[in-house]
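I opened this notebook to keep track of what I looked up, one topic at a time. The entries below follow the order in which I worked.

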Amino acid sequence: MSYPASRPRRLRRIPALRALVRETILSPKDFVYPLFIVPGRQVKQPIASMPGQFRMSADVAGAEAARLADLGIMSVLLFGIPEHKDAVGSAAYQKEGVVPQAVRAIAKASPRTVIMTDVCLCEYTDHGHCGIVEKGEVKNDETLELLAKQAMAHAQAGAHVIAPSDMMDGRVGYIREELDEEGLEDVAIMAYSAKYASAFYGPFREAAESTPAFGDRQSYQMDPANAAEALREVMLDEEEGADIVMVKPAGPYLDIVRAVREHTDLPVAAYQVSGEYSMIMAAAEKGWIDRDRAMMEALIGIKRAGADIIITYFAPRAAELLK
Ligand code: PBG
């Protein structure tokens, strides 16, 4: 049947009718909110490159998690920014490091919150790369042991989900084995499986002070031109024991989110990264775009593409609008 018998506009006439036929529904339960943790007490510093986002100390993160839970946001993803950085990222695997402290503070202040932690060395190394560097090269196998130590420190503090974002080969299997040996077999792994070498991480690197001092991340993060390789990464992580797989960034990679959704039975997460957030915020500040509408459209697009879990800096604002 075609026009004039068929008129799709009939179902768009009034809000309740549109709601009745809506195919994709966002919920605050879909969201994971990233938190940047710094040392100290009662610290809350605005991040210039990400308006509305803050670096905060562990105690403030606890209060923040409780506020998020009141909004219906039940998951947070922690990034640590330590006082001291060195060549091997020593602060990443201290049992009393910034992230383990925040894990404990959040578990206490908001016991129902799912605590996820980013596992990667780039925020902790003075050269800003995600692994051990030798002769200008990021060494894969030498890095695995340090990542496992970092994962262990987070899991022992009480993290529910470990999220390795370094893109070293074999890290999911390595971390899984080490966790299991320590009796931490109930701690889940959310693998940044298809993480692209992206310009959209720019604002985050300012927030985490993790811009590489030399070179770039193209020898370990994926080439934006590749889709089949993303499926291969997902398959490998699945075989190594990943519980959730992730695509990152989200917006420019919605085809990958869809392909991964169709390729695996695991839950699929998509990370709407700092650049995706800051572009909307900057355009809205200039009055060029409606912030809330652009935000909701970007988020619904990610969910429609097939993401079960959306990691987003917009979580609190979007949850307010969804109330
Ligand atoms: C690495 C990591 C990065 C992001 C999350 N984990 C930065 C990078 O790879 O350079 C980016 C997140 C964002 O841009 O919001 N630890």
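Predicted model: local features only at pLDDT ≥ 70, side-chain atom pairs only at ≥ 80, totals over all residues.

Residues are numbered from 1 along each chain as its sequence is written, and side-chain values use heavy atoms, with hydrogens and water left out.

**Entry: the ligand**

I looked up Ser165 and found an N or O atom of its side chain 3.2 Å from a nitrogen atom of the ligand. For Arg217, a polar side-chain atom lies 3.0 Å from an oxygen atom of the ligand, and for Tyr313 the corresponding entry is 2.6 Å, again to an oxygen atom of the ligand.

**Entry: cis peptide bonds and a positive phi**

I reminded myself that most residues other than glycine have a negative phi, and that most peptide bonds are trans. Pro249 sits in the loop between strand S10 (244-248) and helix H8 (254-263); helices (H or I, at least four residues) and strands (E, at least two) are DSSP runs, numbered from the N terminus. The peptide bond from Tyr3 to Pro4 is also cis, with omega near 10°, and Pro4 belongs to the segment before helix H1 (15-20). Lys135, a residue other than glycine, has a positive phi near 50°, and I located Lys135 in the loop between strands S6 (132-134) and S7 (137-139).

**Entry: helices H9 and H10**

Two packed helices are described by the angle between their axes and the distance between the axes. Axes are lines fitted to C-alpha atoms, for helices over the stretch in contact, and angles run from 0 to 180 degrees between N-to-C directions. How do H9 and H10 pack? Helix H9 (residues 274-285) and helix H10 (residues 291-305) have axes 9 Å apart, at an angle of about 160°, and are therefore roughly antiparallel (under 35 degrees counts as roughly parallel, over 145 as roughly antiparallel, 65 to 115 as roughly perpendicular and the rest as oblique). In contact (heavy atoms within 4.5 Å) are Ile280, Met281 and Ala284 of H9 with Arg291, Ala294, Met295 and Ala298 of H10. By class, six of these residues are nonpolar, none polar and one charged, where Ala, Val, Leu, Ile, Met, Phe, Trp, Tyr, Cys and Pro count as nonpolar, Asp, Glu, Lys and Arg as charged, and the others, Gly among them, as polar.

**Entry: helices H4 and H5**

The axes of H4 (residues 140-157) and H5 (residues 171-181) come within 9 Å and cross at roughly 50°, so the two helices are oblique to each other. Among the residues that meet are Leu144 and Met152 in H4, and Tyr174 and Leu179 in H5. This contact has nine nonpolar, no polar and three charged residues.

Definitions and conventions:
Polar contact = N/O pair within 3.5 Å; in protein donor to acceptor, adjacent residues only side chain to side chain.
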